[in-house]
Structure formats: structure tokens, C-alpha cells
Amino acid sequence: MPQNPAEQNPAEQNPPDQSSPEQSSPEQLPPDRRNPYEPVLSAEVRAALSARLPVVALESTIIAHGLPRPGNLQVALELEALVRSADAVPATVAVLDGRAHVGLDKDQLERVAADPAVRKLGHRDLAPALAAGASGATTVSATAFLAARAGLSVFATGGLGGVHREWAANQDESADLRLLARTGITVVCAGVKSILDVPATLQRLETLGVGILGYGTEHFPGFYLSSSGEPVDWTVHSPEEVAEVMRAKDALGGTESALIVANPVPEEDQLDPALHDRVLAEALDACRERGISGQGVTPFLLDQLMRRTEGASLEANLAAVRGNVRLAARIAVAAAVR
């Protein structure tokens, strides 16, 4: 005969909670324990985002593959220090042992800088790298994707990839462009590398709906050069103006896409334009004579610029990156003000 509910054993009416800290529901676990492929945020970055403090994403390819050792580590530490000096939090991005990290500690930075086995990872390489437990430095496309995925809104880099010269013959363009067309993040850069087809790149960005702001300039920068000679449609003059454009863009909604802040390298720090043009023209001729094409072109041209300008192109590169990091930090601070 069924018992009257009032007569039932209280333990039967309200069974004890069988959960324990080890049996926490997925929602109670940190994101990196819920899903091993979620980006791992450093404690500093996680705390900053929770408190709505300014955070700036930094790529790691320049550390692992863009600069000579051992000076590359000092540059990595310097760039993070520049972000901190503006009262923002740096978040260098990399993949280590199959985990995507947004924010690295010093040991992790040292590993990226010193380990020759660290690969170069674009956005398309992320899934295979995570699944294989690989380690790699992130390019513009991978850094922008992971930073936006983690909730960051500002990213500083040197220069973007773009449409390659003789595109009509080889259909070669950087994966950066399509990724930026569908990733909502503000990217502070010194334009696209001058070895690329700058007019075609700007046309492609327009077609893809990626906005461009010239910072203190009416001309798109040429990475090593302060100006590519190509005009920009919109010019801003302060971090606060950039932050207001970011707010307007967010309020409008619609398709996610990046906002490019094109920040020219100071004229006193740029590569001598005549030297640049001469070396680049000769390097392009050498490419054709040697039959170098496809993915081999960019490394060859950059190497030629480095060697034949006796390191001046590297110094211009570093000046551009430092300026972009400083500006990105100021923009992040302005954007964090409510």
C-alpha cells in the first residue's frame, strides 16, 4: 500500500546531494577544463577581462620566426612592457603542447623565443595543431581569431598580409584578409608589407567589408615606409576617436569584421624610400630569374630586404611594431572607459 507522503522517510523525500567537487557540473568548471580546445587565458588576462580592464593581444610569430635569437626574447618582453606602461594588460598568443594560450608567462615566452621546433601557425593550422598536441607561434590570422574568441577587442601587430604581386597569374593572397572579414577585432598595424600589391589589397579589403582608419595620416602606410601613396577614406587623430568608432561599429551590429587602424612608422624611422624601391625591384627580378613563386616569394623578398639594406629593414620593422603596440594600448584604455 503506498505511503502517505507525510509519512515517508525524510531521506527518501529529499535524497542527499550526491555531487562533490570532483563531480561538478560542466558549467561550474573553468573553461579550459570544460573543453580542452578552448583558449587558455592567463590568470592576469582572465582577471583583467572580468574587471573590464584594457587588454591588448600580441602575436608570437614575430618572436619565434621574425627576429634573430637571442634578441627576440628581449623584444617580446619590451613589447609587453610597453603595453603595461600604458596601464593595459598584454596578452601574447601562442599554442603550446596542443593548448591555445592567450597570455603567456615568462617561461612560456622564453620557450616560444628559444625553441626551434615551434611551428608557424595560421588560422587554418589551429585545429590540427591542437589535435596533435603541437606547439606553434601564431600569425596575424591565428592571433586575431584566438584573441576575439577569448573576448579581446584590440590586437597589435607589425604589418598585415595581403594580395601578392601578379595576383592575376597566381591567385595568391594572404589568409589574413578573409579572416579579418569575419572577425570582430580592432587591429593596429603599419599597413601591409610593401613587397605586396598594396592597391589590390586595399581593394580586396573594401570588397570584404573591412574598415580602415588612417591614424594621423591620409595615406595608407607601407609597413617599412610611412606612406604607400594610396589614400585612405577616413582619418582619426586620437585613441578616443578610434574607441568611438569601435563603439559605433558594435552598436550597429551586423556582420562581424575587423577594424584596421593603419598607423604609419615615423618618417625618421622608415626605411629610406629610394633604397627600398631599388632593393625591392632587384629582388623581384631575381625572383623571376630563379623561378621562385607561390609561398616562396615573400620569405625570399624579406630576406633580400634584410640583407641588402644591412639590417635597416629590420630596424624599420621594429620601430613600426613598437609604435603599433603603444597605440594599441592607448586605444584599449580609451575603449575601456564607460
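Which residues are exposed on the other side of α11? In this predicted model, where local features require pLDDT of at least 70, side-chain atom pairs count only at pLDDT 80 or more, and totals for chains, interfaces and linings use all residues, they are Glu-206 and Thr-207, exposed meaning over 50% relative accessible area, buried under 20% and partly exposed in between (1.4 Å probe, protein chains only). Residues are numbered from 1 along each chain as its sequence is written, and side-chain values use heavy atoms, with hydrogens and water left out.

The protein chain contains 15 helices and 11 strands, taken as DSSP runs numbered from the N terminus (helices H or I, at least four residues; strands E, at least two). Of its 338 residues, 49% are buried. With a contact defined as heavy atoms within 4.5 Å, 72% of the contacts between residues at least 6 apart in sequence join residues at least 24 apart.

Helix α11 spans residues 198-208, and its buried residues are Val-198, Thr-201, Leu-202, Arg-204, Leu-205 and Leu-208. These residues lie on the same side of α11 because they cover an arc of only 160° around the axis, the arc being that of the directions from the helix axis to the C-beta atoms. The packing partners of the buried residues of α11 are α10 (175-180), β9 (211-215) and β11 (259-262). At the N-terminal end, α11 is capped by Asp-197, a side-chain oxygen of which lies 3.1 Å from the backbone nitrogen of Ala-200. Gly-209, whose phi is positive and near 80°, follows α11.

Grid points are joined across faces, edges and corners, and a volume is the space filled by probe spheres set on the points. The largest pocket holds about 1500 Å³ of space and is lined by 43 residues, of which Thr-61, Lys-120, Thr-139, Lys-193 and Thr-298 lie nearest its centre. Elements that each supply at least two residues of this lining include α4 (61-66), β5 (119-121) and α8 (140-150), while α14 provides the largest share, 5 residues.

By this rule there is 1 cavity of 30 Å³ or more, and the volume of the largest cavity is about 100 Å³. Among the 13 residues that line the largest cavity, Leu-58, Glu-59, Ile-62, Leu-79 and Val-321 lie nearest its centre. Helices α4, α5 (71-85) and α15 each contribute at least two residues to this lining, the largest share, 3 residues, coming from α5.

Two individual residues complete the description. Asn-317, located in helix α15, counts as buried because its relative accessibility is 14%; with residues up to four places away in sequence not counted, Asn-317 touches Ile-62, Phe-223 and Tyr-224. Ser-238, in the loop between β10 (235-236) and α12 (239-252), likewise counts as buried, at 17% relative accessibility. A polar atom of the side chain of Ser-238 lies 3.1 Å from the backbone nitrogen of Glu-241.

Note on methods: A polar contact is a pair of N or O atoms within 3.5 Å; within protein, one must be able to donate a hydrogen and the other to accept it, and residues adjacent in sequence count only if both atoms are side-chain atoms. On a 1 Å grid over the protein atoms alone, a cavity is a set of points where a 1.4 Å probe fits but cannot get out, and a pocket is an open set with protein on both sides within 12 Å along at least five of seven lines; lining residues have an atom within 4 Å of a point.
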